Structures are given as structure tokens and as C-alpha cells.
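Hi everyone, thanks for coming. Have a look at it first.

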Amino acid sequence: MQSKATSVNDYLNEIPEERKVAFAKLRNTIVENLPKGFQEGMGYGMMGYSVPHSIYPNGYHCNPKDPLPFAGIASQKNFIAFYHMGIYANPELLNWFTSEYPKYSKKKLDMGKSCVRFKKPEDIPFELIGELMTKMSVQEWIETYESAFKKTK
């Protein structure tokens, strides 16, 4: 369920009323804990946090015109999604997150490769997500990304 919103404010205005408070809190949690250098914007039909071209001119290998994505949040039809490429690309960070999750939530972890799904807004472990956001700097993400995804020629 991709949004056609072209700005963060437009996206926030589309959020269903019953999710607005939790979504705003999730966004604030991310922004408050986001390491210096990442930027907030729109991408892939959702709000995202990426490494701008001014820091990483190569951009994203799938489309070099796009900045290097790092994290994102989306209001999907049946859940709120939180995406974090670091837990997809770094097994140590994934292990940390999955072992910490039960300490912050009684709900079973509903997770894909980089996507964590929350069916109810009250199920979002804001403190854990805030801590996760602090665990990888822009430079660490670039190094992880290049070693995990970037093809050498």
C-alpha cells in the first residue's frame, strides 16, 4: 500500500486517525535517536531515513538517483511497518534486536527481512526502536551496505 504523498507532512496527514498518535510517536522516536548525517524524506511510498547524496554520492545500487535508504516507516492496510536495513544487513544487530524484543513486548515478533510489523499501535516498543536507531552511524551503515549489497565490478 504505497502512498502517493510527496512530502512527510502530506504522508502524516494521510495516516488513519486511530494510528496518528502512535505514528507520530514512532517518527519522533526515530528522529530523536537518528545519528547525525541521515535525512528524513519520502521514498518507496513511505517516510524514510537515508544517507543523502552529499555524503554518499553513489546512491542506492537499485537506483543510484535515490539516496541510500536506511530505515522507514509506513502505515499499511493492516499494520504499521518499521523498516531497518541495518538489521537486514548486519547479523549481530539482528541478533541483538531479536533477543531484546521480548524484554519490550509481550507480542510475538512479526518480522520479515528488514520489516517489523505492528498490528496494533499500542504494540510498538518505542524505547527498543529508539535504542536500535542509535546503534549504527552513517559511516557504519555505508560500510555495512557496501560489504553486504554492493556488487564489485
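So, the rings: the structure holds 8 aromatic pairs. By a pair I mean rings of Phe, Tyr or Trp (for Trp the six-membered ring) with centres within 6.5 Å; planes under 30 degrees apart count as stacked, over 60 as edge-to-face, and the rest as tilted. Take Tyr 56 and Tyr 145, whose ring centres are 6.0 Å apart with the planes at 90°, so this pair is edge-to-face. Tyr 56 sits in the loop between strand 2 (46-51) and strand 3 (68-75), while Tyr 145 belongs to helix 6 (residues 138-148), so the pair ties together parts that are 89 residues apart in sequence. Helices (H or I, at least four residues) and strands (E, at least two) are DSSP runs here, numbered from the N terminus.

Before I go further, the ground rules. This is a predicted model, so local features need pLDDT of at least 70 and side-chain atom pairs count only at pLDDT 80 or more, whereas totals for chains, interfaces and linings use all residues. Residues are numbered from 1 along each chain as its sequence is written, and side-chain values use heavy atoms, with hydrogens and water left out.

Are those two tyrosines, Tyr 56 and Tyr 145, buried or exposed? Tyr 56 counts as buried at 5% relative accessibility, and Tyr 145 counts as buried at 1%. The cut-offs are under 20% relative accessible area for buried, over 50% for exposed, and partly exposed in between, using a 1.4 Å probe and protein chains only.

A second pair is Phe 97 with Tyr 101: the centres are 6.1 Å apart and the planes at 50°, so this one is tilted. Both residues are in helix 4 (residues 91-104), 4 residues apart, which separates them by about one helical turn. Phe 97 and Tyr 101 are both buried.

Stepping back, ring pairs link Phe 38, Tyr 44, Tyr 56, Tyr 60, Phe 70, Trp 141 and Tyr 145 into a cluster. There is also a charge over a ring: Lys 135 lies over the face of Trp 96, at 4.6 Å from the ring centre. For that label, NZ of Lys or CZ of Arg has to be within 6 Å of the ring centre and within 35 degrees of the ring normal.

As background, most residues other than glycine have a negative phi. Tyr 44 is in the loop between strand 1 and strand 2 and is partly exposed, with a relative accessible area of 44%.

Tyr 44 also brings us to the pocket. The largest pocket has a volume of about 370 Å³. Of its 22 lining residues, Gly 43, Tyr 44, Pro 69, Phe 70 and Ala 71 are the closest to its centre. For the method: on a 1 Å grid over the protein atoms alone, a pocket is an open set of points where a 1.4 Å probe fits, with protein on both sides within 12 Å along at least five of seven lines, in contrast to a cavity, where the probe cannot get out; lining residues have an atom within 4 Å of a point. Points are joined across faces, edges and corners, and the volume is the space filled by probe spheres set on them.

Which element gives the largest share of the lining? That is strand 1, with 5 residues. Strand 1 (39-43), strand 2, strand 3 and helix 3 (85-89) each supply at least two. By class, the lining has 13 nonpolar, 7 polar and 2 charged residues. Here Ala, Val, Leu, Ile, Met, Phe, Trp, Tyr, Cys and Pro count as nonpolar, Asp, Glu, Lys and Arg as charged, and the others, Gly among them, as polar.

Last, two single residues. Ser 50 is in strand 2 and is buried, at 9% relative accessible area. Beyond four places in sequence, Ser 50 touches Gly 37, Phe 38, Gln 39, Pro 67, Leu 68, Pro 69 and Phe 70, where contact means heavy atoms within 4.5 Å. Val 138, in helix 6, is buried too, at 7%. Its contacts, again leaving aside neighbours within four places, are Lys 36, Gly 37, Phe 38, Val 51 and Ile 55.
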